[in-house]
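Please have the sequence and the 3D view ready.

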Amino acid sequence: MATALALAERGRGRTAPNPNVGCVIVHGGRLIGRGWTQPGGRPHAEAVALAQAGDAARGATAYVTLEPCAHASPRGPACADLLVAAGVARVVVALGDPDARTDGAGIARLRAAGIAVTVGIHAAEARRSMAGFLARHALDRPFVTLKLALSLDGAVAMPAGTSKWITGPESRAHAHVERARSDAILVGRGTLEADAPALDVRLPGLEDRAPRRVVLSTSRHDNGWSRIESPADIVSLAGIDHLLVEGGAETAAAFLRADLVDRLLLYRAPILIGGGRTLPDIGLTDLAAAHGRWALHDTRRLGSDRLDIYERLRS
């Protein structure tokens with residue numbers, strides 16, 4: 001299942017409105033097929049893995065990060081039917097599919113065909129992998145990641161507003177990986193007008209993964225930019241399940257005030273600025289309200305910088 005989850009990450013940011021799913025097929029201790037959801041959402045991971053496995057799939061075990069779909073589509077057959085037709089003996093599923101067209105029906109169809117089904121293996125990891133798809137179904141909006149680059153004393157920019165560059169090249173490279181894993185990237189009007197950012201992916205081999213560009217502004221913008229007037233308008237961003245918010249401080253604060261940040265990337269550089277700009281008001285009325293909102297998920301070194309990844313705790 002860990003291998004299937006790693007494959008699923010290859011499709012993240014490219015499969016909406018379909019989930020980024022990974023699948024591996026194992027027979028006799030050998031991996032005979034692997035696949036992940038392709039750009040645009042088709043073909044599905046199971047279809048790719050089964051095509052690779054061919055006749056060897058009969059009697060095999062399929063590991064898939066999301067319940068195989070049970071609904072046929074003009075774009076392809078139901079994956080549950082493909083697995084039945086291939087004659088697999090067992091299917092291991094990380095997470096059930098919340099889509100009403102499947103939601104348990106895929107697993108039921110497999111079991112009705114005599115296939116053993118195990119559910120819940122690496123479920124937490126699967127939720128993180130498909131967070132955008134799950135947010136769309138549960139919250140009717142994209143999953144939002146906020147990126148912040150900070151000094152040791154919490155400044156996001158120099159007193160005059162300069163923030164290029166607080167962090168080192170390793171952190172900036174990691175941020176480009178995050179861009180490649182997102183359907184869209186958003187900045188505020190101030191950042192757009194001051195920096196004219198390209199918001200592309202400048203990593204070898206990933207140049208074609210540049211996400212859609214969105215600006216938070218009440219003024220009209222063209223040149224290929226989508227526009228929303230408030231953080232709440234992210235519900236209108238069709239085909240976007242993973243949204244990365246990059247700048248600037250006012251925009252970050254606006255999303256935090258609206259409680260629309262699900263994941264926080266804090267890149268902290270070993271520098272002191274003193275008197276630098278910090279985040280504006282995010283709507284907290286007392287310190288008690290600030291506690292219990294965020295949980296540390298991961299931390300790592302990026303050159304001389306430190307990255308902390310936090311997840312929003314929600315009921």
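Which strands each supply at least two residues of the lining of the largest cavity? They are strand S6 (143-150) and strand S10 (242-247). Strands here are DSSP runs of E with at least two residues, helices are runs of H or I with at least four, and both are numbered from the N terminus.

## Before you start

This is a predicted model, in which local features need pLDDT of at least 70 and side-chain atom pairs count only at pLDDT 80 or more, while totals for chains, interfaces and linings use all residues. Residues are numbered from 1 along each chain as its sequence is written, and side-chain values use heavy atoms, leaving out hydrogens and water.

## Enclosed cavities

Two cavities of 30 Å³ or more are found in the structure. On a 1 Å grid over the protein atoms alone, a cavity is a set of points where a 1.4 Å probe fits but cannot get out; a pocket is an open set with protein on both sides within 12 Å along at least five of seven lines; lining residues have an atom within 4 Å of a point. Grid points are joined across faces, edges and corners, and a volume is the space filled by probe spheres set on the points.

The largest cavity holds about 60 Å³ of space. S10 gives the largest share of its lining, three residues. Among the lining residues are Phe143, Glu178, His242 and Arg263. By class, this lining has three nonpolar, three polar and four charged residues; Ala, Val, Leu, Ile, Met, Phe, Trp, Tyr, Cys and Pro count as nonpolar, Asp, Glu, Lys and Arg as charged, and the others, Gly among them, as polar. The second largest cavity has a volume of about 40 Å³, and its lining includes Gly13, Asn18, Phe133 and His242.

## An open pocket

The second largest pocket contains about 900 Å³ of space. Of its 30 lining residues, Arg127, Arg128, Ala131, Phe143 and Glu311 lie nearest its centre. The lining divides into 12 nonpolar, four polar and 14 charged residues.

## A residue in S13

Leu307 sits in strand S13 (residues 305-312). Is Leu307 buried or exposed? Leu307 is buried, with a relative accessible area of 0%; buried means under 20%, exposed over 50% and partly exposed in between, using a 1.4 Å probe and protein chains only. Leaving aside neighbours within four places in sequence, the contacts of Leu307 (heavy atoms within 4.5 Å) include His174, Leu265, Tyr267 and Arg300.

## Nonpolar cores

A nonpolar core is a set of buried Ala, Val, Leu, Ile, Met, Phe, Trp, Tyr and Cys residues joined through side-chain atoms within 4.5 Å. The largest one has 36 residues, and Ile25, Leu50, Leu83, Val88, Val91, Leu95 and Leu110 touch the most other members. Helix H2 (residues 45-53) contributes the largest share of this core, four residues. A second, separate core has 22 residues, including Val144, Leu186, Leu256 and Leu260.

## Paired strands

Strands pair if DSSP finds at least two bridges between them. Strand S1 (residues 22-27) and strand S3 (residues 61-64) run antiparallel, joined by four bridges, and Val26 stands opposite Thr61 in S3. S3 is also joined to strand S4 (residues 90-93) by four bridges, and these two run parallel. Tyr63 has Val92 as its bridge partner in S4.
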